[in-house]
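Please read it alongside the sequence and coordinates.

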Amino acid sequence: MFIKHNFINHEGEVPLWAAVEVLSFGTLSKVIKNLKTGAGSAYTALANNYKYKSLKGNLVKPSLKMLTSWIQAVAILRNMCAHNSRIYNRTIHTTPEILDADKITPAPSHNGLYQVLLAMKYIRSTDAEWTVFVNELDKLFQTYAGVINLSAMNLPTDWKTHLSV
């Protein structure tokens with residue numbers, strides 16, 4: 001309905017923000033992947049929202065490849081959850097780029113939930129919301145500690161340190 005409203009009120013054109021409202025997460029990730037880079041580009045404006053601290057302590061914008069790998073990983077997890085697919089003890093066939101500070105040694109033989117959770121952390125909306133999520137996840141893990149194996153999801157023993165902001 002709001003698309004029709006915008007179409008009528010904007011002389012047959014739909015504003016970009018309205019069009020994005022109806023895109024699937026997967027399509028949105030493909031749109032971002034195809035953005036031009038460089039000074040003054042839409043990608044540069046977007047990437048400014050996802051700066052992270054490098055090992056040297058500098059604030060750095062993610063590369064287009066890095067940011068799209070994070071968004072794609074989250075889109076895949078979202079689709080798995082939406083279709084009631086199992087995420088425990090499962091290889092997730094996407095490879096989000098992990099920041100050096102969050103890489104674990106030895107490197108896991110496959111990608112699992114840990115890698116996608118890190119991608120979620122990197123594109124979080126706010127630190128406060130992410131902290132609530134991590135605390136709730138920790139409670140869930142504690143509740144089912146006798147049943148689940150964190151390594152089955154590629155989570156290192158210090159997973160909470162890596163996922164915390």
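Contact here means heavy atoms within 4.5 Å. The model is predicted.

## Overall layout

The chain holds 8 helices and 2 strands. In sequence order these elements follow the pattern α-α-α-α-β-β-α-α-α-α. The C-alpha trace spans about 60 × 40 × 30 Å along its principal axes.

Of the 165 residues in the chain, 33% are buried. Taking contacts between residues at least 6 apart in sequence, 48% join residues at least 24 apart.

## Packing of H5 and H6

Two packed helices are described by the angle between their axes and the distance between the axes. For helix H5 (residues 64–82) and helix H6 (residues 113–122), the angle is about 120 degrees and the axes are 9 Å apart. H5 and H6 are therefore oblique to each other. Their crossing is left-handed.

On the H5 side, the contact uses Trp 70, Ala 73, Val 74 and Leu 77. These residues meet Leu 113, Val 116, Ala 119, Met 120 and Tyr 122 of H6. By class, the contact of H5 with H6 has 9 nonpolar residues, with no polar and no charged ones.

## Packing of H6 and H7

H6 also packs with helix H7 (residues 127–143): the axes come within 10 Å and cross at roughly 155 degrees. Angles over 145 degrees count as roughly antiparallel, so H6 is roughly antiparallel to H7. The crossing of H6 and H7 is left-handed.

H6 contributes Leu 117, Met 120 and Lys 121 to this contact, and H7 contributes Trp 130, Phe 133 and Leu 137. The residues of the contact of H6 with H7 divide into 5 nonpolar, no polar and 1 charged. Met 120 takes part in the contact with H5 and in the contact with H7.

Most residues other than glycine have a negative phi, and most peptide bonds are trans. Asn 84 counts as exposed because its relative accessibility is 71%, and the cut-off for exposed is over 50%.

The loop between H5 and H6 also contains Pro 106. The peptide bond from Thr 105 to Pro 106 is cis, with omega near 0 degrees.

## Aromatic pairs

A pair of aromatic rings is described by the distance of the centres and the angle of the planes. The count comes to 4 aromatic pairs. One of them is formed by Tyr 52 and Trp 70, with 6.4 Å centre to centre and 75 degrees between the planes, which is edge-to-face. Tyr 52 lies in strand E1 (residues 52–53) and Trp 70 in helix H5, so this pair ties together parts that are 18 residues apart in sequence.

Are the two partners buried or exposed? Tyr 52 counts as buried at 18% relative accessibility, and Trp 70 counts as buried at 0%. Tyr 52, Trp 70 and Tyr 122 form one aromatic cluster.

Note on methods. Residues numbered from 1 in each chain as written. Predicted model: local features only at pLDDT ≥ 70, side-chain atom pairs only at ≥ 80, totals over all residues. Heavy atoms only, no water. Axes fitted to C-alpha atoms, helices over the stretch in contact; angles between N-to-C directions. Helix = DSSP H or I, 4+ residues; strand = E, 2+ residues; numbered from the N terminus. Parallel < 35°, antiparallel > 145°, perpendicular 65-115°, else oblique. Left-handed = near helix turned anticlockwise from the far one by under 90°. Nonpolar A, V, L, I, M, F, W, Y, C, P; charged D, E, K, R; others polar. Buried < 20%, exposed > 50% of the residue type's maximum accessible area, 1.4 Å probe, protein only. Phe/Tyr/Trp six-rings, centres within 6.5 Å; stacked < 30°, edge-to-face > 60°.
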